[in-house]
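Subject: Handing over a structure, with notes on what was found

Dear colleague,

I am passing a structure on to you, and the notes below it are meant to be read with the structure open beside them.

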Amino acid sequence: MPETMILIPVRTSEQGTALNSGKLKEAYIIETSMLDVNTEDMQRLGLQEGDKVRLSNEIGTIVVTCRGKKPEDLPHGLLAIPYGPPTSQLMDSETYGSGMPVSKHMEVVIEKVIV
């Protein structure tokens with residue numbers, strides 16, 4: 001099932017709320033560990049909501065939980081994840097730490113993790 005797709009790290013309004021409203025740090029970590037996948041891509045890849053998937057590129061590897069997004073919300077072939085500690089492990093040192101990489105799209109290999 002390993003397949004190369006494009007990962008887009010995004011900032012969400014929930015991140016600012018979680019960090020500024022006294023919500024627990026764990027809420028931020030949970031959110032930034034959730035990968036959005038087009039529901040039709042999930043079916044094609046044999047994934048279900050809540051499955052653990054491994055994303056890897058030449059820089060690093062992370063394991064995150066996938067959740068489905070309607071095709072009108074997320075086009076085929078794209079993966080989206082809130083920008084945070086997990087995504088930084090996939091970024092080169094010039095990008096990580098430089099603020100939000102607004103247009104940082106990364107090629108990653110996605111594969112299901114069997115637990």
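A residue is called buried when its relative accessible area is under 20%, exposed when it is over 50%, and partly exposed in between, with a 1.4 Å probe and only protein chains considered. By that rule, 40% of the 115 residues in the protein are buried.

Before the details, a word on where the values come from. This is a predicted model, in which local features need a pLDDT of at least 70 and side-chain atom pairs count only at pLDDT 80 or more, while totals for chains, interfaces and linings use all residues. Residues are numbered from 1 along each chain as its sequence is written, and side-chain values use heavy atoms, with hydrogens and water left out.

The pLDDT is the predictor's confidence in each residue, on a scale from 0 to 100. The protein averages 81, and 76% of the residues score at least 70. Among the elements, strand 3 has the highest mean pLDDT, at 95, whereas helix 1 (residues 13–20) has the lowest, at 55. Where pLDDT is low, the predicted coordinates should not be read in detail.

Overall architecture

Helices (H or I, at least four residues) and strands (E, at least two) are taken from DSSP runs and numbered from the N terminus. The protein has 4 helices and 6 strands, and along the sequence they follow the pattern β-α-α-β-α-β-β-β-α-β. Two strands are said to pair if DSSP finds at least two bridges between them. The 6 strands close into a barrel in the order 1-5-2-4-3-6, with mixed pairing. From one strand to the next the twist averages 45°, where the axes are lines fitted to C-alpha atoms and angles run from 0 to 180 degrees between N-to-C directions.

A contact means heavy atoms within 4.5 Å. Of the contacts in the protein with a separation of 6 or more, 75% are between residues 24 or more positions apart. The accessible surface comes to about 6,500 Å², of which 52% belongs to carbon and sulfur atoms; such areas come from the Shrake-Rupley method with a 1.4 Å probe, and for residues only the protein chains shown count as cover.

Around the barrel

Strand 1 (residues 3–10) runs parallel to strand 5, to which 5 bridges join it, and Val10 has Pro82 as its bridge partner in strand 5. Strand 1 is also joined by 5 bridges to strand 6, but there the two run antiparallel, with Glu3 standing opposite Ile110 of strand 6. Strand 6 (residues 106–112) is in turn joined to strand 3 by 4 bridges, again antiparallel, and one can find Arg54 there with Glu111 of strand 6 as its bridge partner.

Strand 2 (residues 34–38) is largely enclosed by the rest of the structure, because 5 of its 5 residues are buried. Met34, Asp36 and Asn38 point one way from this strand, while Leu35 and Val37 point the other way. Strand 2 runs parallel to strand 4 (residues 61–69) over 5 bridges, with Val37 opposite Gly68, and it pairs with strand 5 in the antiparallel sense over 2 bridges, with Asp36 opposite Ala80.

Met34, in strand 2, is buried, with a relative accessible area of 18%. Not counting residues up to four places away in sequence, Met34 touches Thr65, Arg67, Ala80, Ile81 and Pro82.

Is Leu78, at 22% relative accessibility, buried or partly exposed? Leu78 lies in strand 5 (residues 78–82) and counts as partly exposed, because its relative accessibility is 22%. Beyond its neighbours within four places in sequence, Leu78 is in contact with Met5, Ile6, Ile8, Asp36 and Asp41.

Asp51 lies in the loop between helix 3 (39–45) and strand 3 (52–56), and at 15% relative accessibility Asp51 counts as buried. Its side chain reaches the backbone nitrogen of Gln48 at 2.8 Å. Leaving aside neighbours within four places in sequence, Asp51 is in contact with Gly46, Val64, Thr65, Cys66 and Lys112.

With kind regards

Technical notes
Polar contact = N/O pair within 3.5 Å; in protein donor to acceptor, adjacent residues only side chain to side chain.
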